[in-house]
Amino acid sequence: MHLMRRVGITTSVAALAVGLAVLSLPARALAQTNQLGMFQDDARMLTVPGPTLQTLRELGVGVVRVTLAWSTVAPAMRPPGFNPVLPASYPAANWSIYDQIVRDAHADGITVDFSLTGPAPLWAAGGGQPAPGHYGEWKPSAAAFGQFVEAVATRYSGSYDPISDTIARGNSDDLPRVSFWELWNEPNFGEDLAPQAIKGSTVPTSAPAYRALLDAGWRGLGITGHGRDTILIGNLDARGSNGKSRPGQPQGLPGNFGQTKPLQFLRTLYCVSSTYAELRGAAAATVGCPTTSAGSRQFRTAHPALFRASGFADHPYPVNLPPTRASSADPDFTEFSELPRLASTLDRLVRIYAAPTRFPIYNNEYGYITNPPNNSSSHFVSPATAATYTNWAEYLSWRNSRIASTMQYLLYDPNPTKNVPEFGGFASGLIFYGGARKPGYNAYRLPLFLPVTSTRSGGSLEVWGGVRPAHFASLDTGGTPQQVQIQFQRGSRGAFTTLRTVKLTSPRGYFDVHLTFSAGGTVRLAWSYPANDPLLTPSLIAPGDPDTVYSRSVKVAVK
């Protein structure tokens, strides 16, 4: 989310190349046919949740990620008699937007993923914060965070009545249950959790602080009946400080408010050295780790979230490069093409403690900033290129069985007049701020990707794609199987004709076929919203074409 503030980018966008080997892909038989489609746009969700959720449903979104920041719910000053584990102790008005999101999402059949994170209210933050000051990320109390998590989890237990502020069990006023959680956002970034490191950045502090927050949050979810829910940990920023100079941090190291490289952060979190040997003695003690082998044997039991969480999440922005490329050769980064390295590192860490865990990797923040509107640098990609990269990344995710989700960050671009000097800001949305759709809108709704786009006459090409709203359409029409048309325009003009109609059997609407092409031309997908589906009203379909929507187009060449 903070990509533009943190990364100076000088690498130019390379020509498109498939490069599938970069992701060390497994066989197609291991593809993620049930991969979650996640989405996040807090600015819209926290202001106009109902219309935003309707749009997301029409786009086929399965999970909406919503930041539930501690300080937005907790009282600014701790009042007398405040009980932080009881939802009723918090100002009722502070819950209202989250209650509305949960109710509306439940009605629309969309899963809510609450990212429980800082900043902490100032009364739960540590003292002595140096300049430049931020708001509540400085040494947050783990015990108080656990109490906050308990209050949120109680409220969204599925049996909490906000009118009477009681566990009502079956009352019509009960709030729907939330069963998808994240514990803290980007703990390896100093503007979310500080300090990152002390003593000239020689002693890492963010990982042990996060370990304590995880312990408390895990307990808060467990004691409220959410222990078997989907609980994600990590949520890491994919990069970190490289030792280069930056304002306020002459050494270019994490310091108080910089970034710790994600794999460095993980090694400290799991109490191992750079060579993956368990820390001992003073080196262990300084980062809150067991100092002896006897203590290490208890580490797995003492920190259950590190071994029993449902998945590990990463924010693998590739800095507007193709998804097969990384912006740096740094071995401790975890950009999209480096997710296999993240998975193998996690496997190695948990094996040290003889745990059988094999974390699914969740991509829970991802997107491509486009120019226009962000014209502050030539490296930002065009909206058309962003659409291509989005489909490419989803195809690679589908091919990799360890990647459990695909993510789109932002529906709408931010207001460009409020994002000076970036001239457009974090413009990774599918819709320009003014309301016009980018090519990525159709690319997201009906993903389409051809790994190879040229063949000899009579040769076949792999055509991968999907209909993201298919699972909603099927459910809401009594289980009617959905079909998508693969259409082809021969040459550079003329009508599109249907090459094949594909019955969608994947739970998430994906398909993967090989088609023979006798001539060059253009491939696209076509799909129609069900006319009798009351919750998939085609309000977003272009005028003049009330029934059918299309993917982006892909040109193929026949030699």
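Author: A residue counts as buried when its relative accessible area is under 20%. By that cut-off, 57% of the 559 residues of the protein chain are buried. The model is predicted. The protein chain has an average pLDDT of 89, and 88% of the residues score at least 70. Residues 2–31 fall below 50; this stretch still has 77 contacts in the model beyond near neighbours in sequence. Residues 245–251 also stay under 50, with eleven contacts beyond four places in sequence. Where pLDDT is low, the predicted coordinates should not be read in detail.

Now the setting. The protein chain comprises 15 helices and 21 strands. Among its contacts with a separation of 6 or more, 71% join residues 24 or more positions apart.

Strands of a sheet pair through backbone hydrogen bonds, either parallel or antiparallel.

Look at strand 10, residues 311–315. Five of its five residues are buried, so strand 10 is largely enclosed by the rest of the structure. In a regular strand the side chains alternate between the two faces of the sheet. In strand 10, Gly 311, Ala 313 and His 315 point one way. Phe 312 and Asp 314 point the other way.

Strand 10 has partners in strand 9 and strand 11. Strand 9 (residues 230–237) runs parallel to strand 10, and five bridges join them. Strand 11 also pairs with strand 10 in the parallel sense, over three bridges. Phe 312 figures in both pairings. Ile 233 stands opposite Phe 312, and Ile 361 is the bridge partner of Phe 312 in strand 11.

Elsewhere in the sheet, strand 1 (residues 36–40) pairs with strand 2 (residues 63–69). The pairing is parallel, over two bridges. Here Phe 39 stands opposite Val 64 of strand 2.

Follow the chain on from strand 11. The loop between strand 11 and helix 13 holds Thr 370. Thr 370 has 1% relative accessibility and counts as buried. A polar atom of the Thr 370 side chain lies 2.7 Å from the backbone oxygen of Pro 372. Leaving out residues up to four places away in sequence, Thr 370 touches Phe 380, Val 381, Ser 382, Pro 383, Ala 386, Ala 427 and Lys 438.

Helix 13 is mostly covered, with 15 of its 17 residues buried.

One more loop is worth a look. Ser 157 sits between helix 6 (142–155) and strand 4 (160–161). At 14% relative accessibility, Ser 157 is buried too. The Ser 157 side chain reaches the backbone oxygen of Thr 154 at 2.9 Å. That side chain also reaches the backbone nitrogen of Ser 159, at 3.5 Å. Not counting residues up to four places away in sequence, Ser 157 touches Ile 167, Arg 177 and His 226.

Conventions
Residues numbered from 1 in each chain as written. Predicted model: local features only at pLDDT ≥ 70, side-chain atom pairs only at ≥ 80, totals over all residues. Heavy atoms only, no water. Pairing = 2+ DSSP bridges. Helix = DSSP H or I, 4+ residues; strand = E, 2+ residues; numbered from the N terminus. pLDDT = per-residue confidence, 0-100. Contact = heavy atoms within 4.5 Å. Buried < 20%, exposed > 50% of the residue type's maximum accessible area, 1.4 Å probe, protein only. Polar contact = N/O pair within 3.5 Å; in protein donor to acceptor, adjacent residues only side chain to side chain.
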